[in-house]
Amino acid sequence: MSASITNSVASFSGLFGLEPKLPKLAPSPYFWMPPSASVTTENTDALYNFMLWMSLFFSVAIFWAMVRFCVKYRAKSRAANEIAAKTSQHNTMLELTWSVIPLFVVVPLFVGGFKGFVNLRTPPKAAMEIRATGQKWKWLFTYDGLGTPDDALHVPVNTAVRMIINSVDVIHSLYIPSFRTKMDAVPGRYTDLWFKATQTGEFPIFCAEYCGTSHSDMLSRVVVHPPGGYEKWLAATIAQADSLTGKDRGAMLYEKQGCSTCHSIDGTPKVGPSWKAIYGKMESMTGGPAMKVDENYLRESMLDPQAHIVMGYAPAMPTFEGKLSDKDIDGLIDFIKSLK
Ligand SMILES: [Cu+2]
């Protein structure tokens with residue numbers, strides 16, 4: 001069923017000339033639910049199905065009674081101007097029945113729902129942590145010691161993963177239907193969710209909070225790697241990041257080292273000055289003569305940021321001494337020079 005939903009989303013976006021970005025799913029054993037691929041889904045699915053069949057049963061029963069009573073108690077003749085005698089009375093049996101039956105429906109729902117809620121809100125202590133950042137209009141996934149290598153979320157199978165979620169602009173919501181889990185991404189605070197994938201393969205990720213024009217394009221996917229596959233992927237990605245040189249390395253570090261939180265590359269001042277077209281210009285300094293932005297000035301700005309403070313800014317930059325190798329510094333300098 002879900003495979004057909006995914007496929008219809010894909011062909012629908014095809015109508016507008018958009019590349020379908022959703023992975024094709026295996027057919028689901030569930031009635032209108034995507035395949036379930038995490039440990040916490042069993043409880044959710046059981047409750048969902050219970051609610052679904054209960055609602056169906058009572059809807060049919062109530063409509064059946066409505067139609068029957070309409071027919072049975074309809075006005076037999078227009079002439080009759082009778083007013084029905086009042087017959088309503090207290091009926092203990094009836095009242096007990098309509099209290100006790102719903103009790104058997106809602107108490108298991110509450111107990112199951114509460115247990116499931118507590119479980120979903122309590123990540124196992126040993127869970128590995130991955131950050132998810134919502135941004136108009138894509139998800140960025142950041143791994144320990146590794147920036148955002150591609151636009152998918154990579155996780156190992158049979159491993160508890162805790163996602164630490166936030167947003168840089170508006171409220172988004174990280175939604176992984178096959179894991180039956182969803183959590184808001186809120187600017188200025190952290191939220192989390194956890195899962196433990198039970199199946200390898202690819203599953204879609206959506207943004208489930210309307211966040212503007214391209215909200216419906218905020219698609220991604222989770223790639224669940226087989227045993228050993230995640231480590232291989234991580235090693236290959238790190239090796240690739242290590243092999244980057246020059247301005248590509250600088251661009252990678254700009255994100256990975258968090259320079260991007262304080263420096264823009266499009267001319268907008270943030271906590272620090274923008275890097276756009278600073279190379280070669282004369283920069284005014286607080287309490288000292290102006291300095292020419294050249295290689296040595298840039299290097300010093302990274303290793304000893306307090307040595308010269310750019311006019312109009314606070315001495316808020318931490319030193320990157322020991323965090324950046326010479327190759328890293330060369331890359332960042334090349335990157336800054338390329339921002340004309
Ligand atoms: Cu969004």
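These are short notes on a predicted model, point by point.

1. Start with the overall make-up. The protein chain holds 8 helices and 11 strands. Of its 340 residues, 18% count as buried. Now look at the contacts with a separation of 6 or more. Residues 24 or more positions apart account for 63% of these.

2. Next, find helix α3, residues 92–121. This helix has 30 residues. From first C-alpha to last, α3 reaches 42 Å, close to the 44 Å expected at 1.5 Å a residue.

3. How many of the 30 residues of α3 are buried? The number is 0, so α3 lies largely in the open.

4. Compare helix α4, residues 229–243. Its 15 residues reach 21 Å from first C-alpha to last, close to the expected 21 Å. α4 is hardly covered, with a buried count of 0.

5. Now check the backbone angles. Most residues other than glycine have a negative phi. Asn158 is not a glycine, yet its phi is positive, about 55°. Look for Asn158 in the loop between β3 (153–156) and β4 (160–167). Asn158 has 13 other C-beta atoms within 10 Å, so this residue is partly exposed.

6. Is Ala277 buried or partly exposed? Ala277 counts as partly exposed because it has 13 C-beta neighbours inside 10 Å, and a buried residue needs 20 or more.

Notes: Residues numbered from 1 in each chain as written. Predicted model: local features only at pLDDT ≥ 70, side-chain atom pairs only at ≥ 80, totals over all residues. Helix = DSSP H or I, 4+ residues; strand = E, 2+ residues; numbered from the N terminus. Expected span 1.5 Å × (residues − 1). Buried ≥ 20, exposed ≤ 12 C-beta atoms within 10 Å, placed from the backbone. Contact = placed C-beta atoms within 7 Å.
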